[in-house]
Amino acid sequence: MAFKKWTQSGEQLRPDAKYSNRLASKFINCMMWSGKKTVAERIFYNALDAVSAKVKDVPPIEVFERAIENVRPSVQIRSKRVGGSNYQVPMAVNPRRAQSLAIRWILEASRAKKGKPMEQRLASEFLDAYNNSGAAVTTKDNVHRMAEANKAFAHFAW
């Protein structure tokens with residue numbers, strides 16, 4: 001009997017109320033803690049308002065989408081046991097996983113900053129990712145660098 005690999009959560013996900021964007025709704029859901037969705041929405045929308053105050057010529061939802069796109073990895077490292085050794089094998093990333101990693105890295109980078117409210121930290125991380133800098137883009141670059149260093153083991157990919 002075959003099993004279903006993915007749930008229907010992607011198809012059931014409704015766009016967010018303000019921008020009618022599914023990616024924004026997914027980001028809000030990932031940012032949410034303890035089921036407090038209104039708190040997560042308020043933080044997200046205040047962060048986009050702060051982004052729109054700093055970047056005048058581009059709509060804030062496009063800055064958000066471009067930030068996610070800039071953080072999205074194209075390759076990842078997977079451990080593969082061959083013989084008695086473990087090799088770090090570079091592999092292409094599934095687009096759904098790449099989006100999940102990008103969201104996770106942006107949230108981790110903004111939560112790691114201390115001393116400011118979450119809205120300001122998230123807005124600064126969006127702006128940094130939009131400009132291809134910041135902690136989340138550094139994480140992506142480190143993953144790509146590791147994949148490049150282990151390119152010799154690419155023939156072990158399964």
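Mentor: In this predicted model, ring pairs join Y19, F27, F44, Y45, F64 and F126 into a cluster. Across the whole structure, a search finds eight aromatic pairs. One of them is formed by F27 and F44, whose rings are tilted, at 5.6 Å centre to centre and 40° between the planes. This pair links distant parts of the chain, since F27 belongs to helix α2 and F44 to helix α3, 17 residues apart. F27 counts as buried because its relative accessibility is 0% and buried means under 20%. F44 is likewise buried, with a relative accessible area of 0%. The rings of F44 and F64 have centres 5.1 Å apart and planes at 80°, so this pair is edge-to-face. With F44 in helix α3 and F64 in helix α4, the pair ties together parts that are 20 residues apart in sequence.

F64 is also buried. Setting aside neighbours within four places in sequence, F64 is in contact with L23, A24, F27, F44, L48 and F126.

In soluble globular proteins, nonpolar side chains tend to be buried together. Here the largest nonpolar core has 35 residues, and those with the most contacts inside it are F27, F44, F64, L122 and F126. The elements that contribute two or more residues to this core are α2 (22–31), α3 (37–54), α4, α5, α6 and α7.

Note on methods:
Residues are numbered from 1 along each chain as its sequence is written. This is a predicted model: local features need pLDDT of at least 70, side-chain atom pairs count only at pLDDT 80 or more; totals for chains, interfaces and linings use all residues. Side-chain values use heavy atoms; hydrogens and water are left out. A nonpolar core is a set of buried Ala, Val, Leu, Ile, Met, Phe, Trp, Tyr and Cys residues joined through side-chain atoms within 4.5 Å. Buried means under 20% relative accessible area, exposed over 50%, partly exposed in between (1.4 Å probe, protein chains only). Helices (H or I, at least four residues) and strands (E, at least two) are DSSP runs, numbered from the N terminus. Contact means heavy atoms within 4.5 Å. Rings of Phe, Tyr and Trp (its six-membered ring) pair if their centres lie within 6.5 Å; planes under 30 degrees apart count as stacked, over 60 as edge-to-face and the rest as tilted.
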